[in-house]
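Have the viewer open as you read.

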Amino acid sequence: MSAFPRERSGRHLAFSGWWYRRGRFTASHVLLVLMAVTMLVPFMWMVLASFKPLQEVEQLNPIPSVWRFENYPNVFEQVSFARYYFNSIFIAAWVTFLQCLTSAMAAYAFARLQWRGRDTVFRLYLATLMIPGVVLMIPNYTLMVKLHLLDSYLGLIVPASFSAFGTFLLRQFMLTIPSALDEAAAIDGASPWQIFWDVIMPLSRAGLVTLGIFTFLGNYGSFFWPLILIKSEHLRTLPIGMLYFDTVYGRQTNLIMAASVMNIIPLVILFVAAQRHIVRGVQLGAVKG
Amino acid sequence: MKSFFAITFCVLVLLSVVAWQIKPDPPPGKIPLVWVSDDNPARRQQIALFNQLHPEYDLRLDPRASTAGIEKVMLQSLAGVGPDLADAFSPSDLDAFVRSGVAWDITEELAERGVDLEGEVWPAILPTGIREDRVYGFPANVAVDAIWINKDLFDAAGEPYPEGPWTWDEFLEVAERLNVRDARGRIKQFGFLCDWWQWPQFIMLFGGHIYSEDGTRCVIDGPEATEAIQFMRDLMYEHHVMPTPVDEATMATQGGWGSGTITYFGAGKGAMALGGRWWLCTLRDYEGLNLGVVEIPHVKEPRYRAYGRATVINRYSPRREEALDFLVYEAGKDYNDLINRQADAVAAVVRYNYTPEFLRNPEHPEEDYNEVWRDVVKYGRSDDWSSFVNGQTAMRILNKQLDLIKSDQKPVPKAMRDAAREVNEEIAKTLEMDPSLRIQYYRLTGRERPE
Amino acid sequence: MRRQRHERRAALGFLLPNLIGFGVFTAGPVLFSLVISISNWHLHRTVAFQWVALRNFVELLQDRDFWLYSINTAYLMLGIPFAIAGSLLLAIVLSQRLRGIVVYRTLFYLPTFTSGVALMLLWKALYNPEFGALNAVINWWLDSLHLNELVRALGGGGVSAPTWLLSTKNMLGLDVEQIRIIPGQWGLGARDALIIMGIWIAIGGNNMLLYLAGVSNIPPELVEAAQLDGAGRWAIFRNVTWPQLAPTTFFIVVMSFIGGLQGGFEQARVMTLGGPAGTTTTISYYIYTKAFEEFQIGYAAALSWVLFSAIFVITMINWRLGGKELHY
């Protein structure tokens, strides 16, 4: 299977022939617009509700009669939202960094270096990919308990930083790099470490970016693990903080929507900026089902 | 590429330093003490007062929602990362603390410091601190609920304020007259608001029991308990004086600690509400609320549910000796007066509830009903509990059936029978797993398992 | 030879960080989990630790809750075929170079990308029986079509908007406490709400992107040949598109199935707490409550292994039927 989908120009696409008839053309547009509206409406509701005064949330007017911009700062007053933000980004950044680094190094060992048992170990890695997260959560939790890492940054960062999946993905990318390049470098006297940094890594940039984005995304929204690990207020990540906010501080739907908007905005920005990487990543199997 | 990683690493290390700095740390030179309790804003003042009286300590609160909190606290204590002080919210919580070995037996230690639990504290709250004549925790407060009334809503309906003692029939009439409907015929103001988790209160009011006296079986399917729950259900679905779950979901309200019924009541969605004096912690924030209190109607003699927190010391804490000072503080005048002023329910130590400061709080002169609160505590009884079943598991089973009743999915008698049966099965399971419990059970009943 | 040994040492160096992490946080826990599942470990020691062999598994099979929650898990997967079909349709439509394709693709993918607690709180608000947008629309329809009066006139009990997350009703009429079907339970309730939300999130998501890639890989000669033979739109789809997309479809179905078996946790924890009356509790949520609210670690581990076995069986079937071409 090739590493990149073949780019095709419009005229060669599957149905371009008979779609040109007017009727079909419009039908597609109608469908697309309908879907787009369906996708957008909930988000619109969220944004509009986040500016409403509380009584209006109960009413059915879509547009707020008064725009309460102070709902947003209010969120910060009621819960330590800034802290949650910092925590989520801080932890996700560390996890992404560690994962990319260790996975790249391991992928290099699997893709480029010859050693006995290499393929067996790799198959072992692959085998663990199908294990549901829940199976691992319980023992990892008891391990954290024993190591006294419960309710700590380390507990949130370290277990999440090692993934067989990252290794698998990067190995795929590295396999597509022609080995002639490293051989040339080896002849010039480069050590595997140097080959790794100077030849392989720069050429794996696409894979690294993809892995980085999806790891960051996965960790930013990570819910189960912080839920069971964290108890202190100052360590809460955004998902847990949002849950706490919703549960404890009254049913203030407008503020919760404001918090949700703030939660989602970085994701929207990330997506719009890195769209092509993301799409390509998914199509190459970067998402675990 | 290499430089990119190197730079990123440096940035991350920098951020880590920042994260470390902004971690809340105790000031140097003071002994840090950690107290796990709920998020009630009143805690801050209680802690500040302690720190003032004991400048050598720095007491901090580790807020935990009371429902899921206990298990985690125990787990952490056993893992060596537990707090120094933790609150038990019920006798079964204390039971769990004691049986897992986390609660420190402080009978002698408290006696040495002149604290006499049994002599000083309301009898109703003793089971939350004492187990088998050994003292494990000191009660932090006592709550016995009564009925709050919103005087303005009563005035608007032209109703006189009810006065105790009164019966449930009288109550029903008043509640029905206080329902207000909107133009579409839907009720927008209810006569009565009550949290569904108050069902043990109703069972007690009607003379029923959850467990038998010795805790060996679940008897929630008894006639009084069934009648009690039937009444609660009828309040929603027959008399329509209490909001159903669907009604509740549609009441969006302001925030403030203790969401749910308290905030609905404060927002004027109900004319009467069943709650405790500690509601004032949140209700005082609602401007212009004109409140009164009346005792809960009763069936035969008054029998109200008493509940409250008791603070226990973590046996594995390296600072457990110092933690004793906090319990002594809880037994003292300053703390108890503070509890009464803050309206964090009622002070646990009896004599501080007979002071003039208690009856008329100078900061809140409109609160002229404090006697009612004090007097109902006399009739308080602690919850039933059983040491033969895990409290959380039993509650989960009972709540599952009660949820079905609450959403009108199941007739009450059947649900009660199923609940009792499942809890008894759970007791049997627990007995199977734990030989020491089996011995205890045998001593009490002459049997090895429930029949 | 020297190079081989050199490479092996180098390999060890490269591999070590990841391998240690793998061993400690993945491989080790798998074994540990298997070991605990044959014990009665209760995490705060109120019960004496014992090895109980297969008793957890036996208890599991007799646990009515387990079967009820398995049914819930299966029920929530009912939306998967619709989501997949929708993704396919969207991919086909998007694969024409119409104007603004990228914008559409972005919009469709947004729900998947932003999926999480925030989105679930949003949907929880949308599903509110009184002021949620969904019921607002439904009620407006009911009112303007005077459906209520119509049904009453026909002798029925009246029609009202469903109460979604507060209702145990469902499209199959499943009862709450027993495994059977009751007519009174027919309607739209919490599980259906979750299915609808699930479809909304997934329809323009990863599956659509995979189908887009698949469609763009269809050799145009095949389509042109079919058109020259006079085949209509539907015939082309049935004879060219669908077979060509078969490997992609297979992959998507298997992945969705596996995901569905493990899923439902976040929704249950954030939106319904597993209710009402346990109807939105899936197997993963059940494992969570057993392990982290009741701390019955042994039993929870046994449950998770049953879940794993189900997934394992499906993966094996996948291997057999689909061949290994899809993995690499």
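## Around the chain B sheet

Pro32(B) sits opposite Asp58(B) of β2(B). Strand β1 (residues 31-37) of chain B runs parallel to β2(B), joined by seven bridges; strands are DSSP runs of E with at least two residues, helices are runs of H or I with at least four, and both are numbered from the N terminus. This is a predicted model, so local features need pLDDT of at least 70, side-chain atom pairs count only at pLDDT 80 or more, and totals for chains, interfaces and linings use all residues. Residues are numbered from 1 along each chain as its sequence is written, while chains are lettered from A and ligands numbered from 1 in the order written.

The open sheet has five strands in the order β2-β1-β3-β14-β6 (chain B), with mixed pairing (a pair needs at least two DSSP bridges). At its edges are β2 (57-63) and β6 (137-139) of chain B, each with a single partner strand, so one side of each has no neighbour in the sheet.

| Helix | Strands | Angle |
|---|---|---|
| α2(B) (residues 42-53) | touches β1(B) and β2(B) | about 165 degrees with β2(B) |
| α4(B) (residues 91-99) | lies across β3(B), β6(B) and β14(B) | about 135 degrees to β3(B) |

Elsewhere, helix α15 (residues 253-283) of chain A packs with helix α6 (residues 117-126) of chain C at about 150 degrees, their axes 9 Å apart. That makes α15(A) roughly antiparallel to α6(C) (over 145 degrees counts as such).

How values were computed
Axes are lines fitted to C-alpha atoms, for helices over the stretch in contact, and angles run from 0 to 180 degrees between N-to-C directions. Angles under 35 degrees count as roughly parallel, over 145 as roughly antiparallel, 65 to 115 as roughly perpendicular and the rest as oblique. Two residues are in contact if their C-beta atoms, placed from the backbone, lie within 7 Å.
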